[in-house]
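Thanks for coming. I will go through one structure today, starting with its strands and ending with a pocket.

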Amino acid sequence: MRIRYRRAAAMALAVLASTVTTGVAFASSATADSVGTGAMSGRVCMFDAPKGALDLGHVAWAFRWSDGSGTWDYGATLQDHNWEKHGSEQQMLQDFATTDDSGGYQSYRCKDTAADDQGAAEAAVTAGFARPYNVIEDNCLTRSVQIFKAYDGSGGLNGLPDGKLVFPNAYFNYNLSGWDDAKAL
């Protein structure tokens, strides 16, 4: 009986330590696709590399294609380069879990959207990649937010703060109201 309580206490302490360290309690499910979304047609995800930028964080973006194929576009803006890939949900999660950008991605949060304008999102990606990186006003976070807002042409994500003058970890942990709980990669 005493051993069982010790194990339960150890598990609770581990969860608490994880939450205190990262600022996020992870959900148990590890999937980007939502279940039973009803009228929602699109889906976006933000990925967090909490050790990036001197532990202030680094984020990346993803959006699901509008053709129903289950394909995702995903990528990141870094100070010295940008990258973009296309693939299944499983490939996307694998790529983020094994990419070592900014110390490695550790978690992600997703949100269903009422619209899924893949073309507008791609235009935002292309425009962002063409601009020079600016740590204060045109960075990994601001570009991710621009891509999400372009993708959801319904205006449902217009309430997202623009990401300027906010650390990526703080934004990921506290500014994504209404998004899924963070999931570990």
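One definition to begin with: buried means under 20% relative accessible area, exposed over 50%, and partly exposed in between, with a 1.4 Å probe and protein chains only. Helices (H or I, at least four residues) and strands (E, at least two) are DSSP runs, numbered from the N terminus. What you see is a predicted model, in which local features need pLDDT of at least 70 and side-chain atom pairs count only at pLDDT 80 or more, while totals for chains, interfaces and linings use all residues. Residues are numbered from 1 along each chain as its sequence is written, and side-chain values use heavy atoms, with hydrogens and water left out.

Start with strand E2, residues 58–64. How many of its residues are buried? The count is 7 of the 7, so E2 is largely enclosed by the rest of the structure. His58, Ala60, Ala62 and Arg64 point one way from E2, and Val59, Trp61 and Phe63 point the other way.

Now the neighbours of E2. Two strands pair if DSSP finds at least two bridges between them. E2 pairs with E1 in the antiparallel sense, over 6 bridges, and phenylalanine 63 in E2 has valine 44 opposite. E2 and strand E3 (residues 72–77) also run antiparallel, joined by 4 bridges. There, tryptophan 72 in E3 is the bridge partner of arginine 64.

Next, the disulfide, meaning a pair of cysteine sulfur atoms within 2.5 Å. Searching the whole structure gives 1 disulfide. Cysteine 45 and cysteine 110 are its two ends, with S to S at 2.0 Å. The link is right-handed, with 100° about the S-S bond. Distant parts of the chain are linked here: cysteine 45 sits in strand E1 (residues 42–49) and cysteine 110 in strand E5 (residues 107–113), 65 residues apart. Are these cysteines buried or exposed? Cysteine 45 is buried at a relative accessible area of 0%, and cysteine 110 is buried at 0%. Cysteine 140 counts as buried too, at 5% relative accessibility.

On to the aromatic rings. Rings of Phe, Tyr and Trp (its six-membered ring) pair if their centres lie within 6.5 Å; planes under 30 degrees apart count as stacked, over 60 as edge-to-face and the rest as tilted. The whole structure holds 9 aromatic pairs. One of them, tryptophan 61 with phenylalanine 63, is stacked, at 5.8 Å centre to centre and 15° between the planes. Tryptophan 61 has a relative accessible area of 1% and phenylalanine 63 one of 0%. Tryptophan 83 and phenylalanine 96 have ring centres 5.5 Å apart and planes at 50°, so this pair is tilted. Tryptophan 83 lies in strand E4 (residues 82–87) and phenylalanine 96 in helix H3 (residues 89–98), so the pair ties together parts that are 13 residues apart in sequence. Tryptophan 83 is buried at 13%, and phenylalanine 96 at 0%. Both belong to one aromatic cluster, formed by Phe47, Tyr74, Trp83, Phe96, Tyr105 and Tyr108.

Last, the pocket. On a 1 Å grid over the protein atoms alone, a pocket is an open set of points where a 1.4 Å probe fits, with protein on both sides within 12 Å along at least five of seven lines; lining residues have an atom within 4 Å of a point. The largest pocket is lined by 20 residues, and Ala53, Gly57, Tyr133, Val135 and Pro168 lie nearest its centre. That is the tour; questions are welcome.
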